[in-house]
Amino acid sequence: MTLHEKLAHIDKARELRSYHTEPAQMRAAAPGKVGELRLGFMLRNGRSVLHDLYRVTPLLVQRALYWDEAMPELPICSIISVGGGILQGDRYKIDISVGEGACAQVTSQGANRVHRMDANYASQYQAISLEDGAYLEYLPDFTIAYRGSRFINETDIVIADNATLLYGEMVLAGRKHHHAEERFGLDLLSMAVKVRRPDGRKLFAEKILIENGDPTIDFAAVMRGYDAFANIMCLTPPETATRIKARFATKFPVEDARALSGISRLPNAAGLMMRAVGIETRDVRKEVRHFWQIVREESCGRTLPEEFLWR
Amino acid sequence: MARDSTLKCSAPQGMVHLARLLQFSDTTLPIGSFAFSNSLESALQTGIVNDPASLLQYVEFILRQSARMDGVALLHAHRAAIAGTYDAILEADCELLCRRVGEEQQLMLTRVGKKLAELVLKITPSSTLERWLADIRTGATPGCFPIGQAIALAHMGADEAETFVMHQYGVASMILSAALRLMRIDHLDTQRILFKAQERANDDYLAVCSLCLDDMATFAPVFDVLVAHHTTTHVRLFMN
């Protein structure tokens with residue numbers, strides 16, 4: 001089986017150069033280790049529907065459900081990883097497209113656990129496209145990078161200038177209560193995103209790179225002792241971005257706080273970026289949810305439903 | 001004692017070159033960089049920086065981050081300027097702005113870049129810099145400061161290591177100059193911090209000199225929140 005060209009390209013990343021050994025178990029990128037997911041949403045008879053679904057284990061989406069009481073027209077897909085987490089040698093590819101005027105939400109079933117690795121690495125490539133007037137919330141649950149894990153993720157986004165995308169990652173730096181060396185004990189976490197218009201114009205790019213032994217992790221200007229962080233971008237037209245920004249107050253008290261958060265404008269009028277750090281995942285999730293609510297209210301005129309008790 | 005009139009004085013090679021590098025490293029270079037502090041006001045208000053030791057850590061962190069972002073674009077632009085591949089200069093310019101989050105950070109990056117180009121063209125002609133400035137004015141390229149610095153210094157014969165060091169020196173001196181006006185610290189301590197922080201120049205250069213533009217990377221969530229905080233902070237060097 002030939003690996004998709006984007007995944008093959010990721011294999012050549014500079015930061016992976018020390019991790020090309022083959023696992024003693026199934027070889028890297030073997031059948032069964034290459035998960036694929038393709039989700040296509042479109043407007044059909046005035047209703048947003050999941051019209052295209054293709055999946056290859058270990059990634060799974062069953063169907064779109066409409067359970068958001070505050071936005072009942074929103075088709076929601078939950079990504080399920082039947083593998084119980086990301087293992088060494090795994091290769092994932094996720095495509096999400098939202099057609100003109102359609103809306104959708106894609107999330108995940110639970111935390112995305114990147115397990116310890118003693119050979120190779122895990123990679124993921126995502127392609128997200130939004131046509132005119134489309135609205136997508138793609139907010140997977142926390143990624144937990146276990147001690148010794150190696151995970152690289154690249155995301156390409158193509159978005160029309162009047163569409164809105166809320167996308168980002170929330171990361172917990174290891175199973176913090178499991179082992180003394182678990183916190184930021186990961187070998188590699190590399191997360192890159194590139195945003196373009198449909199005509200190819202570049203809007204925004206970012207690469208978050210954390211490598212084993214980074215001496216700055218606990219610098220006051222980096223993690224300041226916090227264990228969880230989030231980068232959530234809202235790609236939206238400038239007038240919507242201005243309204244969102246006006247409603248979100250930066251949270252950075254002088255006294256010790258459970259979480260810090262703030263939003264800044266992206267270059268090329270692409271939208272906004274919310275950053276947050278916190279002690280526990282719930283502290284960061286609270287900041288993300290606050291931003292999410294404002295984005296939805298200003299973009300769709302809908303609010304968020306009450307949070308589930310079990311989340 | 002009278003000097004032996006038979007001795008001939010010969011100037012070492014490169015004295016003018018060195019003098020020019022010093023001129024363009026000077027913090028008084030009128031390009032407006034004195035007005036920026038890399039969010040130091042917010043770092044002080046939130047307790048990230050509160051004494052000389054934490055200021056040193058802040059400067060070292062900014063230098064590390066700057067090397068891995070702006071430094072990479074600077075080196076690519078410098079190589080492109082030397083090779084005469086103008087499109088590669090524009091590519092580095094675009095890629096760098098694409099990675100700058102925060103309206104004030106974007107403003108600083110492009111305003112100072114344009115000012116530098118205008119200044120250098122008043123002093124010495126450079127066809128590449130002239131073309132770049134014209135493209136900034138038409139909106140064809142953003143005009144990021146490290147790119148202008150790379151073009152100007154390549155034009156003056158500075159090699160890429162010298163250009164990198166001058167850029168990094170400028171970043172450190174910008175923060176320390178702001179620190180003198182914003183916190184209880186004297187000139188002796190800021191010079192000591194500058195001297196110490198410059199020890200990392202070699203390692204930072206080696207860490208980034210072989211990186212491609214796609215390798216520009218960062219990780220500093222608290223600093224990113226500081227950048228957001230800085231746009232609304234009440235103590236500032238200058239009001240926008």
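**Exercise 1. Find which exposed residues lie on the face of helix 7 of chain B turned away from its buried side, and describe that buried side.**

Solution. Step 1: B:Ser127 and B:Ala134 are the exposed residues on the face of helix 7 of chain B turned away from its buried side. The model is predicted; local features need pLDDT of at least 70, side-chain atom pairs count only at pLDDT 80 or more, and totals for chains, interfaces and linings use all residues. Residues are numbered from 1 along each chain as its sequence is written, while chains are lettered from A and ligands numbered from 1 in the order in which they are written.

Step 1: Apply the cut-offs. A residue is buried if 20 or more other C-beta atoms lie within 10 Å of its own, exposed if 12 or fewer, and partly exposed in between, with C-beta atoms placed from the backbone. Helices (H or I, at least four residues) and strands (E, at least two) are DSSP runs, numbered from the N terminus.

Step 2: The buried residues in helix 7 of chain B are B:Leu129, B:Trp132, B:Leu133 and B:Ile136. They are on the same side of helix 7 of chain B because they cover an arc of only 100 degrees around the axis; the arc is that of the directions from the helix axis to the C-beta atoms.

Step 3: Helix 5, helix 6 and helix 8 of chain B are what the buried residues of helix 7 pack against. After helix 7 of chain B comes B:Gly139, with a positive phi near 80 degrees.

**Exercise 2. Work out why helix 8 of chain B is described as largely enclosed.**

Step 1: Just after helix 8 of chain B, B:Gly157 has a positive phi of about 90 degrees.

**Exercise 3. State the overall make-up of chain B and compare its radius of gyration with that of a compact globule.**

Solution. Step 1: Chain B has 12 helices and 0 strands. Buried residues are 48% of its 240 residues.

Step 1: For 240 residues, a compact globule would have a radius of gyration near 18 Å; chain B has 19 Å, which agrees. The radius is taken over C-alpha atoms, and the globule rule is 2.2 Å times the number of residues to the power 0.38.

Step 2: The C-alpha trace of chain B spans about 65 × 55 × 35 Å along its principal axes.

Step 3: The mean pLDDT of chain B is 91, and 93% of its residues reach 70 or more; pLDDT is the predictor's confidence in each residue, from 0 to 100.

**Exercise 4. Describe the side of chain B that touches chain A.**

Solution. Step 1: In chain B, 36 residues are in contact (C-beta atoms, placed from the backbone, within 7 Å) with 33 residues of chain A.

Step 1: Helix 12 of chain B gives the largest share of this side, 9 residues.

Step 2: By class, this side of chain B has 19 nonpolar, 10 polar and 7 charged residues. Ala, Val, Leu, Ile, Met, Phe, Trp, Tyr, Cys and Pro count as nonpolar, Asp, Glu, Lys and Arg as charged, and the others, Gly among them, as polar.

How values were computed
Two residues are in contact if their C-beta atoms, placed from the backbone, lie within 7 Å.
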